Amino acid sequence: LESHDGEVNAVAYDFLGNVLASGGNDKTVRLWDARRLQQLHVFADSTSSVARLAFSLSGELLLAGCNDGVVQIYNCGALRRRVHALTGHTEKVWGVACLMDCKTVASGSHDRTLRWWDLGTNGKCFRTTLCHSACNDLAVVGSSDLMVSAHVDRQLRFWDTRAHQLAESIEDAHEHQVTSVCVSPDSSTVLSTGRDGVLKQFDLRTYKP
């Protein structure tokens, strides 16, 4: 697909696999019909390049983490417009996730914090959690109250999404910084990638490879 004017930094499918979103250095987020490979819509509201994308479980909301520290929230349903611009991070946002309630958003930044946002109160940040290392990615673990984050200090950290606190961590998950994470469909394993050029799979029951 010829899409963005410049590098494409992020792609994400909705949970049904019908819609593909892409974000890039041209400061746009684009929606695509994943089957027909046709462009559906262009969001051009970002003030910076787009680094990460994530859909809500319903597919109605799309989260975009941007290099200016803003989290853009787009309605991909009938509205097809930006509905929130979440500000507060002081460095680029490379991790975004929408929790199961489709109202709570988590973001991870290179400012070494996680922020928790309530979309029901117009996107208010209700908690900031120190994570002690720049965050490169976030992923929710299925329907559980668990979220995993990937960090520059080579760690994977697991967060209780109700208490907004650290629940577990894997030190030296990679030889260099951990760049991305994803969770298996059955929520039994986490797959991580690192600057060491290695893919690693961890069992979520034991937190071991």
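Keep in mind that the model is predicted.

- Look for S49 in the loop that links β4 (38–43) to β5 (50–55).
- S49 counts as buried because its relative accessibility is 14%, and the cut-off for buried is under 20%.
- The side chain of S49 makes a polar contact of 2.6 Å with the side chain of N67.
- Leaving aside residues up to four places away in sequence, S49 touches N9, G24, N25, K27, C66 and N67.

**Two residues with positive phi**
- N122 isn't a glycine, yet its phi is positive, near 65°.
- You'll find N122 in the loop between β11 (113–118) and β12 (124–130).
- With 63% relative accessibility, N122 counts as exposed.
- H164 is another non-glycine residue with a positive phi, this one near 60°.
- H164 sits in the loop between β15 (156–160) and β16 (165–170).
- Is H164 buried or exposed? It's buried, as its relative accessible area is 11%.

- M100 belongs to the loop between β9 (93–98) and β10 (104–109).
- M100 has 38% relative accessibility, so it counts as partly exposed.

Key:
Residues numbered from 1 in each chain as written. Predicted model: local features only at pLDDT ≥ 70, side-chain atom pairs only at ≥ 80, totals over all residues. Heavy atoms only, no water. Helix = DSSP H or I, 4+ residues; strand = E, 2+ residues; numbered from the N terminus. Buried < 20%, exposed > 50% of the residue type's maximum accessible area, 1.4 Å probe, protein only. Polar contact = N/O pair within 3.5 Å; in protein donor to acceptor, adjacent residues only side chain to side chain. Contact = heavy atoms within 4.5 Å.
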